[in-house]
Amino acid sequence: MKTLTMKNIVRGMSLMAIVMMAGLTCNLMYAQSPTMALATVADQQLTIKGKVSDDKGALPGVNIVLKGSKVGVVTDENGAFTFPRALSAGDVLVFSFLGYEKQEVKIDADTTFINLILTSDLVEIMGAPNTDKPYKSKRSN
């Protein structure tokens, strides 16, 4: 049986250190490849805030929904909002409010704040009251 001496321990440790150094220097390691950088930008989660207004000022109660889902938020009394879910680049937010045109905003990789001005839309009420017959109560006196 072989006994361990200090000389054998030092020799073994130095051999292990040489093997580790050779492995680290010969290994092809890259900090970031161009395709990896593009993938991380596309997968980045963004918190979106914003303000919605018209030509007269802030619009409270504007509906903001992620297109293709039921996730959304409504603007506060100052027209401000913070979307409740983190979004990715390429997601589309749909802004709608009665009497205004519906608008869609596509989220870019650098979008963090949306300042949107809605334009008014013509609202038509279908139908008209029937005035051919006078009103007659159905209650008996």
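## Nonpolar core

The largest nonpolar core holds 19 residues. Ile 48, Ile 64, Leu 93, Phe 95 and Ile 114 touch the most other members. A core here is a set of buried Ala, Val, Leu, Ile, Met, Phe, Trp, Tyr and Cys residues joined through side-chain atoms within 4.5 Å. Buried means under 20% relative accessible area, exposed over 50%, and partly exposed in between (1.4 Å probe, protein chains only). Strand S3 (63-66), S6 and S8 each supply at least two residues of this core. Strands (E, at least two residues) are DSSP runs, numbered from the N terminus.

The model is predicted: local features need pLDDT of at least 70, side-chain atom pairs count only at pLDDT 80 or more, and totals for chains, interfaces and linings use all residues. Residues are numbered from 1 along each chain as its sequence is written, and side-chain values use heavy atoms, with hydrogens and water left out.

## Phe 95 and the ring pairs

Phe 95 counts as buried because its relative accessibility is 0%. Its contacts (heavy atoms within 4.5 Å) include Val 52, Ile 64, Phe 81, Val 105, Ile 114 and Leu 116, leaving aside neighbours within four places in sequence.

The count of aromatic pairs comes to two. Rings of Phe, Tyr and Trp (its six-membered ring) pair if their centres lie within 6.5 Å; planes under 30 degrees apart count as stacked, over 60 as edge-to-face and the rest as tilted. Phe 81 and Phe 95 have ring centres 5.8 Å apart and planes at 70°, so this pair is edge-to-face. The pair links distant parts of the chain, with Phe 81 in strand S5 and Phe 95 in strand S6, 14 residues apart. Phe 81 is buried, at 5% relative accessibility. The rings of Phe 97 and Tyr 100 have centres 5.6 Å apart and planes at 35°, so that pair is tilted. Phe 97 is partly exposed at 25%. Tyr 100 counts as buried at 18%.

## Pairing around strand S1

Two strands pair if DSSP finds at least two bridges between them. S1 and strand S8 (residues 113-117) run parallel and are joined by five bridges. In this pairing, Val 52 stands opposite Leu 116. S1 and S5 run antiparallel, with three bridges. Lys 51 stands opposite Ala 80 in S5.

S1 also pairs with strand S2 (residues 57-58), antiparallel, through two bridges. Asp 54 stands opposite Gly 57 there. A hairpin of two residues joins S1 to S2.

## Ser 53

Ser 53 lies in strand S1 (residues 49-54). Is Ser 53 buried or exposed? Ser 53 counts as buried, because its relative accessibility is 13%. Not counting residues up to four places away in sequence, Ser 53 touches Ala 58, Leu 59, Leu 116, Ile 117 and Leu 118.

## Asp 91

Asp 91 sits in the loop between strand S5 (80-82) and strand S6 (92-96). At 22% relative accessibility, Asp 91 is partly exposed. A polar atom of the Asp 91 side chain lies 2.9 Å from the backbone nitrogen of Ser 88.

Which residues does Asp 91 touch, not counting those up to four places away in sequence? They are Leu 66, Val 105, Lys 106 and Ile 107. Asp 91 and Val 105 are 14 residues apart in sequence, and their C-alpha atoms are 8.5 Å apart in space.

Definitions and conventions:
Helices (H or I, at least four residues) and strands (E, at least two) are DSSP runs, numbered from the N terminus. A polar contact is a pair of N or O atoms within 3.5 Å; within protein, one must be able to donate a hydrogen and the other to accept it, and residues adjacent in sequence count only if both atoms are side-chain atoms.
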